[in-house]
Amino acid sequence: MAKTLVTLDRKLVNYANIVSISVEPGDYLGDDGEDSRNVYGLIAFDVTNSMHVLGVFDDRLKAVEAHNKLKSWLECEAFGVYDLNAEGDD
């Protein structure tokens with residue numbers, strides 16, 4: 001089954017094109033112009049070396065939890081789309 005990730009700016013990315021996903025500290029400027037400083041991003045790079053921001057979190061623990069949930073989702077074949085912005089747990 002194809003896996004699709006919904007990025008923070010609501011773009012769809014086919015997981016087959018993703019090379020790496022990691023938690024990185026830094027600053028983030030959102031599409032709405034809002035600036036977030038000293039945050040942790042869940043960052044993915046694809047085969048064209050384009051960066052995709054999957055999520056932005058205030059602390060490292062929340063970012064790592066999101067990374068682990070994404071990893072668990074990728075390991076199962078139950079659903080085809082994962083939205084990091086969705087509220088609640090599976």
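The chain exposes about 5900 Å² of surface, and carbon and sulfur atoms supply 50% of that area. Keep in mind that this is a predicted model. Of the 90 residues in the chain, 32% are buried.

Now the layout. There are 6 strands and 1 helix, and along the sequence they come in the order β-β-β-β-β-α-β. Among contacts with a separation of 6 or more, 43% are between residues 24 or more positions apart.

Next, the helix, α1, which covers residues 60–75. How far apart are its end C-alpha atoms? They are 23 Å apart; at 1.5 Å a residue, the 16 residues should span 22 Å, so the two values agree.

Which residues of α1 are buried? They are Ala-63, Ala-66, Leu-70, Trp-73 and Leu-74. These residues lie on the same side of α1, because they cover an arc of only 100 degrees around the axis. The general rule is that an α-helix has 3.6 residues a turn, so residues three or four places apart point the same way. On the face of α1 turned away from the buried side, we have the exposed residues Leu-61 and Glu-75. At the N-terminal end, α1 is capped by Asp-59, with a side-chain oxygen 3.1 Å from the backbone nitrogen of Leu-61.

His-52 sits in β5, residues 51–57. Is His-52 buried or exposed? His-52 has a relative accessible area of 15%, and buried means under 20%, so His-52 counts as buried. Its side chain makes a polar contact of 2.9 Å with the side chain of Asp-46. Beyond its neighbours within four places in sequence, His-52 also has contacts with residues including Thr-7, Val-13, Ile-18 and Leu-42.

Notes:
Residues are numbered from 1 along each chain as its sequence is written. This is a predicted model: local features need pLDDT of at least 70, side-chain atom pairs count only at pLDDT 80 or more; totals for chains, interfaces and linings use all residues. Side-chain values use heavy atoms; hydrogens and water are left out. Helices (H or I, at least four residues) and strands (E, at least two) are DSSP runs, numbered from the N terminus. The expected span of a helix is 1.5 Å times one less than its number of residues. Buried means under 20% relative accessible area, exposed over 50%, partly exposed in between (1.4 Å probe, protein chains only). The arc is that of the directions from the helix axis to the C-beta atoms. A polar contact is a pair of N or O atoms within 3.5 Å; within protein, one must be able to donate a hydrogen and the other to accept it, and residues adjacent in sequence count only if both atoms are side-chain atoms. Contact means heavy atoms within 4.5 Å. Accessible areas come from the Shrake-Rupley method with a 1.4 Å probe; for residues, only the protein chains shown count as cover.
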